[in-house]
Amino acid sequence: MPSEKELFITKQYVPTGEPIVSNNHVLIYHVKCMAEPGKPDGILKMYRKKNVTKLYSRLMALDYSEWPHIYNVKYFDESTLVVEELLEGNTLKELLERNRQENVKFSEEEASHIMDEICYAIEQLQNAAPPIIHHNLKPSNIFVTRSGNIRFLDFESDTYQPKGPHRSLWNILGSMFHEMLTGRAPSGGKSSYEGRFRNVIQKCMEKNPEKSYETVQQMQEDIEHARTHEPESAGPAKTRRGIPYTLTFPFQGTILGFEWLLFSYFLLGNKDNTSTSSFFLLIFCVHAALFGLRRYSYMKKEKIFLGPLRTAYPIVVLAAALGLLTFAVSFVSSLL
């Protein structure tokens, strides 16, 4: 007579192929759930040498929308078998890796929506009685469905302790938010992101607990505020921080002005030096073209966007300054 384990695997939840994942921690199969109404496809996870039946039985009973629907939980041979619904979509880790391969990033709208969903899921778990804590929250355990909803995967028992140095919840959330927006994790625990959610990420990465968040509700409120308001640093100061000084108009404009002054002098002040004035005009034109190309390329790469007025203003000022230089040279030449 078949054992309960044999019936579970060969009759009730039948693997449809080779393991999807197989390591020392977990074994995962795509299965046909013959024991469930409609015989849906599912995922069978076997947690090796670990008893997490109490945790997953509770998750199964609560059946919140913050994790996959759980069909069954069993404990056989010192391992826990969990059968879950088959989700359609990708893990956040897979999406981040795809973005890196394609050299793209999440938009601020996409990233803030995902982070808001993650905060809501954490809040729902914390409001359970007693609260449920996901001890292994990371991009590979956050699933983004095709409809844009979030599901948490691979909960760990309360006895599980992550390896390596401890990282607070806020540090984990801030790092994921930063990676979605920039395509890379914070370097040395410091944010390089300068967009509208800069303050949210910096507060998450704050080493002083008194200056960090106390609840996910606070973080959600800050995300919503940043989403609906212009960044506090929007303006000339942000532009100076975002663009290297050597690519700014004050720096390059001074050099261009000197080159234009030499061109004007040899053109208007000394009419016998047409070839020399043409030489300095060529230098000016090449320099201006290289400056414009380098500035545009840098701003495109770093996703620095200026409005029409802020784009046109320094160009108009530079043109006016060059015009005044030309007039001054012409006036002085007429007096000599």
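Contact is taken here as heavy atoms within 4.5 Å. The model is predicted, and local features are given at pLDDT of at least 70, side-chain atom pairs at pLDDT 80 or more, while totals for chains, interfaces and linings use all residues. Residues are numbered from 1 along each chain as its sequence is written, and side-chain values use heavy atoms, with hydrogens and water left out.

Helices (H or I, at least four residues) and strands (E, at least two) are DSSP runs numbered from the N terminus. Glu84 lies in strand 6. With neighbours within four places in sequence left aside, Glu84 is in contact with Gly42, Ile43, Lys45, Tyr56, Pro68, His69, Ile70 and Tyr71. The relative accessible area of Glu84 is 5%, so this residue is buried; buried means under 20% relative accessible area, exposed over 50% and partly exposed in between, with a 1.4 Å probe and protein chains only. Between the side chains of Glu84 and Lys45 there is a polar contact of 3.4 Å. A polar contact is a pair of N or O atoms within 3.5 Å; within protein, one must be able to donate a hydrogen and the other to accept it, and residues adjacent in sequence count only if both atoms are side-chain atoms.

Strand 6 (residues 79-85) is largely enclosed by the rest of the structure, because 6 of its 7 residues are buried. Two strands are treated as paired if DSSP finds at least two bridges between them. Strand 4 (residues 41-47) runs antiparallel to strand 6 and is joined to it by 6 bridges, with Leu44 bridged to Val83 of strand 6. Strand 5 (residues 70-76) also pairs with strand 6 in the antiparallel sense, over 6 bridges, and here Phe76 has Ser79 as its bridge partner. The hairpin of strand 5 and strand 6 has 2 residues between the strands, and in it Asp77 takes a positive phi near 50°.

Strand 7 is joined by 3 bridges to strand 8 (residues 142-145), and Asn90 is bridged to Val144 in strand 8.

Strand 8 and strand 9 are joined by 3 bridges, and Arg151 in strand 9 is the bridge partner of Phe143. In their hairpin, with 4 residues between the strands, Gly148 takes a positive phi near 90°. In a regular strand the side chains alternate between the two faces of the sheet. Both faces of strand 8 are covered, with Ile142 and Val144 buried on one side and Phe143 and Thr145 on the other.

A nonpolar core is a set of buried Ala, Val, Leu, Ile, Met, Phe, Trp, Tyr and Cys residues joined through side-chain atoms within 4.5 Å. The largest has 50 residues, and Tyr56, Phe152, Phe177 and Met219 have the most contacts inside it. Helix 4 gives the most to this core, with 8 residues. A second, separate core of 11 residues includes Tyr13, Tyr71, Leu81 and Val83.
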